[in-house]
Amino acid sequence: MDAINNSILTWILLVPIAGAILIALLPDRGKLAAWVGLITTLLTFGLTLHLPAHFIPGQPGFQFEVNRPWIDLNGSAEAGAHFSGIAYHVGVDGLSMWLVVLSGLLGPVGVLASWNAIKERKKVFYSLFMVQQTAMFGVFIALDLMVYYGFWELTLVPMAVLIAMYGRKNGPAAATKFFLFTFIPSAPLLVAILWLYVKTGTFSFTDLRVILASSTYSGTAMFWVALAFLVAFAVKVPVFPLHGWLADSFSEAPVALSMVIAGKLGLYSMIRFHVGLFPTQAKAMAPTLIALTVIGVIYGACLALVQRDFWKLIAFATVSHFSLITLGVYGFTLAGRDGAVFQTLNEGVIEGALFVLLGVLDTRYHTSQIASYGGVAARLPRTATFFVITGLAMAGLPLMNGFVGEFLILSGTFTGVSKGWAIVATLTVILGAAYVLSLVQRIFYGPESPLAAAEPVLDLHIHEWVALVPLAVLMLVMGVQPNKWLNAIEHFEGPLTIQQPLTPSGPPTARIVLTSTAAEAK
């Protein structure tokens, strides 16, 4: 078992890339590429399930860790000194483990959602999708900043290429906007990583966390380094007002890509690297970020209410939901932080199902204009049922997974940050229910539209059933038994103990103390 534990993360990285190479070598014939992609993603998902099965909640440090020198930058290995260079350093804790499992789950869901939607250049699509899987896994498990940066950049290339190639109307323009928005902030991020290496002599996250906590580096320099990290991650979430790329990308991206294009990578990176490495600077930036996130919550929800295209509606709903999660991160409360991580998982499950369902409608009726629909439930009753379940989870119905994360974030904000901000942010619950229920009503109920009446279409195919049923079950199980996930999440390897003594003249002030686990914080 020790041998498996010491190699499982490497296998999780290698299997998708091996699948990509195999698909590239095979002939582009029939469903061959899709079948290889499905087998590869199912095998990868099976490997990710080893992590929660053998994860030990409360154990300090990273688990399943591998740390091997890779590129020696100053000859330290020959001199027998402490290694100073780029290392193959990977590992997971309560923060990253469930995100790895979620990415593994969304792999076969994405392949099944693309089963009939991708009709041309299937080899290219599925091979790049496998590369995208490897890059996402790498972001979540890399503990060497240069290795992390390599995977971070690798996530951008397959996304941009696939949006350009498979866009519904104007793919190249959307891909260009996506690439520029996300790539340009990566240049300052690289400069900041190199600055840290010059000052500390290491790219290791675990070493940097200790060194920076006790350092006396210039406050101004550290502010700019922390800001470079923050902007690169905030664009990828996206945080208001850096969301300009999202609506076009959602409108043009294939369904499998839409599931992973926003949210998880940026939010994880904020928690791990921005807050994790720069807690003092993150605390100083928190008031501005809290204001922007609350604005983003209301702004995204209000724009979602007036959208006529369901892809753009989901894009602005995503801005609202991920703004709320960012509020939980920068509120610096334990409840808010745990709620933010749990809600990130929720959004992956809910949006995965939602994109599959919207893809069903788009491939059958060939339009995303909401006004063209109406009365579709009579033709697609099973699709309507799954849509209602997903919509209720998205709206935060109690006993569904969306409720738990929102409650933790809002309660943490109310008790530990600001009652005013919490009350304003709570409007997302009302506005979210409004745009979700309005979307369900306009598409599936009411008088049957000419489009629905004129198009004889089939309800869910078997591959769509297989993709949707596990996600629907998870929405319920995560809502009823959230501790199965929270037990690991609350023990992630963070640098913070967050204490908030009340001051008589104002709101709580955060005091940050280094610790290894949330259990010690409590």
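Predicted model: local features only at pLDDT ≥ 70, side-chain atom pairs only at ≥ 80, totals over all residues.
Aromatic rings were examined in pairs. Counting ring centres within 6.5 Å of each other, the model holds 30 aromatic pairs. One of these joins Tyr 365 and Tyr 373. Their ring centres lie 5.5 Å apart and their planes meet at 85°. Planes over 60 degrees apart count as edge-to-face, so this pair is edge-to-face. Both Tyr 365 and Tyr 373 are buried.

Some aromatic residues also group together. One cluster is formed by Phe 62, Phe 140, Tyr 148, Trp 152, Phe 205, Phe 229, Phe 233, Tyr 268, Phe 273 and Phe 278. Trp 152, a member of this cluster, has Lys 236 over its face, at 5.0 Å from the ring centre.

Helix α7 spans residues 145–166. Its 22 residues reach 32 Å from first C-alpha to last, close to the 32 Å expected at 1.5 Å a residue. At the start of α7, Asp 144 makes a contact through its side chain. One of its side-chain oxygens comes to within 3.0 Å of the backbone nitrogen of Met 146.

The largest nonpolar core has 180 residues. Within this core, Phe 229, Tyr 330 and Leu 361 touch the most other members. Helix α17 (residues 334–365) gives the most to the core, with 15 residues. Phe 229 also belongs to the aromatic cluster. Beyond its neighbours within four places in sequence, Tyr 330 is in contact with residues including Leu 230, Met 270, His 274 and Val 275.

Definitions and conventions: Residues numbered from 1 in each chain as written. Heavy atoms only, no water. Phe/Tyr/Trp six-rings, centres within 6.5 Å; stacked < 30°, edge-to-face > 60°. Buried < 20%, exposed > 50% of the residue type's maximum accessible area, 1.4 Å probe, protein only. Lys NZ or Arg CZ within 6 Å of the ring centre and 35° of its normal. Helix = DSSP H or I, 4+ residues; strand = E, 2+ residues; numbered from the N terminus. Expected span 1.5 Å × (residues − 1). Polar contact = N/O pair within 3.5 Å; in protein donor to acceptor, adjacent residues only side chain to side chain. Core = buried A, V, L, I, M, F, W, Y, C linked by side-chain atoms within 4.5 Å. Contact = heavy atoms within 4.5 Å.
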